[in-house]
Amino acid sequence: MAQIELEGQDLARVDELVKKGLFSNRDQVIRAGLENLLQIPTEEIKNMEKARHEVSMFLETSMGNMLYP
């Protein structure tokens with residue numbers, strides 16, 4: 001299985017799901033998420049990514065790149 005790098009906040013959320021007993025380990029959380037993602041039609045995923053990109057561009061244009069300074 002390929003290695004997946006998670007950011008700190010994502011890893012904390014994964015660990016929280018395991019701690020609450022919803023999953024028995026991190027791998028189960030990742031597999032469940034991937035299984036759900038693979039059930040979404042390709043066109044819908046494209047639309048979600050397009051919307052995410054448009055929101056990012058809007059925020060960067062309206063508020064500037066807050067991480068740059």
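Predicted model: local features only at pLDDT ≥ 70, side-chain atom pairs only at ≥ 80, totals over all residues.
View 1. Leu-37 sits in helix 2, where helices (H or I, at least four residues) and strands (E, at least two) are DSSP runs numbered from the N terminus. Its side chain is partly exposed, at 39% relative accessible area; here buried means under 20%, exposed over 50%, and partly exposed in between (1.4 Å probe, protein chains only).

Residues are numbered from 1 along each chain as its sequence is written, and side-chain values use heavy atoms, with hydrogens and water left out.

**View 2. The whole chain, for orientation.** The protein chain has three helices and zero strands, so to speak an α-α-α pattern when read along the sequence. Of its 69 residues, 4% count as buried. The chain exposes about 6400 Å², and carbon and sulfur atoms supply 56% of that; the areas come from the Shrake-Rupley method with a 1.4 Å probe, and for residues only the protein chains shown count as cover.

**View 3. Arg-26 meets Asp-15 across two helices.** Here the closest N and O atoms of the Arg-26 and Asp-15 salt bridge are 2.7 Å apart. A salt bridge is a side-chain nitrogen of Lys or Arg within 4 Å of a carboxyl oxygen of Asp or Glu. This one links distant parts of the chain: Arg-26 belongs to helix 2 (residues 26-38) and Asp-15 to helix 1 (residues 8-19), eleven residues apart. Both partners are partly exposed, Arg-26 at 41% relative accessibility and Asp-15 at 29%. In the whole structure there are four salt bridges.

**View 4. The start of helix 2.** Asn-25 caps the N-terminal end of helix 2, with a side-chain oxygen 3.1 Å from the backbone nitrogen of Asp-27. Helix 2 itself has 13 residues and reaches 19 Å from first C-alpha to last, close to the expected 18 Å; the expected span is 1.5 Å times one less than the number of residues.

**View 5. Arg-52 and Glu-49 on helix 3.** These two form a salt bridge, with their closest N and O atoms 3.1 Å apart. They are three residues apart in helix 3 (residues 42-63), so about one helical turn separates them. Arg-52 is exposed at 52% relative accessibility, whereas Glu-49 is partly exposed at 41%. Elsewhere, salt bridges with shared partners tie Arg-13, Glu-16 and Lys-20 into one network.

View 6. The side chains of Glu-16 and Lys-20 meet in a salt bridge at 3.1 Å, N to O. Glu-16 is partly exposed at 32%, and Lys-20 is exposed at 56%. Helix 1 has twelve residues and reaches 16 Å between its end C-alpha atoms, close to the 16 Å expected. Just after helix 1 comes Gly-21, with a positive phi of about 85 degrees.

**View 7. Helix 3 and the glycine that follows.** The 22 residues of helix 3 should span 32 Å, and its end C-alpha atoms are 31 Å apart, which agrees. Gly-64 follows helix 3 and has a positive phi, near 80 degrees.

Methods:
Polar contact = N/O pair within 3.5 Å; in protein donor to acceptor, adjacent residues only side chain to side chain.
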